[in-house]
Amino acid sequence: MKIAPNAVVTMHYTVSSADGVQIDSSRDGEPMRFIHGHNFLIQGLEDALEDKAVGDSFEVQVAPELAYGERHEELVQVVPKSMFEGMDVDVGMQVRATTDDGEQSVVVIDVNDDGVVIDGNHPLSGVTLSFDVEVLDVREATEEELAHGHVHGDQGCDHSH
């Protein structure tokens with residue numbers, strides 16, 4: 001069976017930045033399982049998986065526009081320290097911020113006398129990603145998996161909906 005929408009895919013992957021720095025990998029643990037075509041993956045990787053089959057291994061470069069998007073410098077802002085009253089604020093800390101577009105995760109990238117510098121960009125925005133993928137299994141999703149929107153284990157659904 002080839003990978004197509006509504007197929008359950010089991011795969012191992014390693015993802016690195018274009019300069020070879022490993023970002024994440026499933027190879028030392030459980031493989032990733034997902035329903036193809038349900039926006040579980042970034043678009044560039046999902047597109048590259050289309051029509052692959054069990055046993056296929058491949059590498060693919062995914063440009064930012066098909067991954068986490070380009071960086072937007074206007075999403076980097078200095079906010080008053082008073083907005084973090086009672087909190088220990090450290091560089092690298094992720095916080096939820098209320099914006100005109102609703103709640104958003106931001107990362108603290110600097111703390112100085114002027115305030116706290118936050119970045120609303122995804123940490124991988126602007127980064128070309130390199131994936132090394134091995135397809136381990138492909139099967140049709142069950143009606144229950146499609147209704148629930150996720151893959152179930154061998155024992156079925158292990159939680160209530």
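How far apart are the mean positions of the positive and negative charges of the protein? In this predicted model, the 8 positive and 33 negative charges have mean positions that lie 4 Å apart.

Turning to the overall fold, the protein contains 2 helices and 9 strands, arranged along the sequence as β-β-β-α-β-β-β-β-β-β-α. The radius of gyration is 19 Å, well over the 15 Å that the globule rule gives for 161 residues, so the protein is more spread out than a compact globule. Along the principal axes, the C-alpha trace spans about 60 × 40 × 30 Å. Of the 161 residues, 35% count as buried, and the protein exposes about 9,800 Å², with carbon and sulfur atoms supplying 46% of that area. As for contacts between residues at least 6 apart in sequence, 61% join residues at least 24 apart.

Nonpolar side chains tend to be buried together in soluble globular proteins. The largest nonpolar core of the model has 23 residues, and the most contacts inside this core are made by Met-11, Leu-45, Leu-49, Phe-131 and Val-133. Two or more residues each come from β1 (7-17), β3 (32-35), α1 (43-49), β4 (57-62) and β9 (129-140). Val-133 shows how these parts meet: leaving aside residues up to four places away in sequence, Val-133 touches Met-11, His-12, Tyr-13, Arg-27, Leu-45, Leu-49, Asp-56, Ser-57 and Phe-58.

Terms used:
Residues numbered from 1 in each chain as written. Predicted model: local features only at pLDDT ≥ 70, side-chain atom pairs only at ≥ 80, totals over all residues. Heavy atoms only, no water. Helix = DSSP H or I, 4+ residues; strand = E, 2+ residues; numbered from the N terminus. Rg over C-alpha atoms; globule rule 2.2 N^0.38 Å. Buried < 20%, exposed > 50% of the residue type's maximum accessible area, 1.4 Å probe, protein only. Contact = heavy atoms within 4.5 Å. Areas by Shrake-Rupley, 256 points an atom, 1.4 Å probe, with all protein chains shown as cover. Lys, Arg positive; Asp, Glu negative; His and termini not counted. Charge placed at Lys NZ, Arg CZ, Asp CG, Glu CD. Core = buried A, V, L, I, M, F, W, Y, C linked by side-chain atoms within 4.5 Å.
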